[in-house]
Amino acid sequence: MVRFLSTMHDPKGKRYTVYYSSVLLVVTGVVIFMTLQIIHQGLLQGAMTFFEGFFSLFMLSRNEIVGKALLAHLSGIASFLKH
């Protein structure tokens with residue numbers, strides 16, 4: 001159990017990226033269902049859902065490969081919006 005949890009804190013591990021990508025995917029699905037009003041959450045639950053999404057995105061950005069790809073995509077979007 002301890003070995004499994006330690007891999008969640010090492011941004012260079014493969015399980016790290018898979019875990020936080022999965023969390024972000026689930027949170028994205030929940031937000032889409034909330035937007036379509038298929039599921040309903042209270043104010044605190046909704047805030048915690050968004051917090052978990054931002055936290056998993058932050059944890060993903062700690063991975064060197066994912067962080068560089070994220071920055072490249074964001075700079076591409078910024079240059080697209082300027083035109």
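On the face of α3 that is turned away from its buried side sit the exposed residues L43, L44 and F54, where exposed means over 50% relative accessible area, buried under 20%, and partly exposed in between, computed with a 1.4 Å probe on protein chains only. The buried residues of α3 are G46, T49, G53, S56, M59 and L60. They lie on the same side of α3, because they cover an arc of only 155 degrees around the axis, the arc being that of the directions from the helix axis to the C-beta atoms. Among the elements that cover these buried residues are α2 (14-35) and α4.

Helices are DSSP runs (H or I, at least four residues), numbered from the N terminus. This is a predicted model, in which local features need pLDDT of at least 70 and side-chain atom pairs count only at pLDDT 80 or more, while totals for chains, interfaces and linings use all residues. Residues are numbered from 1 along each chain as its sequence is written, and side-chain values use heavy atoms, with hydrogens and water left out.

## L60 within the helix

L60, in helix α3, is buried with a relative accessible area of 7%. Its C-alpha atom is separated by 6.3 Å from that of T17, 43 residues apart along the chain. Leaving aside neighbours within four places in sequence, L60 is in contact (heavy atoms within 4.5 Å) with Y16, T17, Y20, S21, L24, V66 and G67.

## N63 in the loop

N63 is placed in the loop between α3 (43-61) and α4 (64-82), and N63 is buried, with a relative accessible area of 8%. Not counting residues up to four places away in sequence, N63 touches P11, G13, Y16 and T17.

Terms used:
Helix = DSSP H or I, 4+ residues; strand = E, 2+ residues; numbered from the N terminus.
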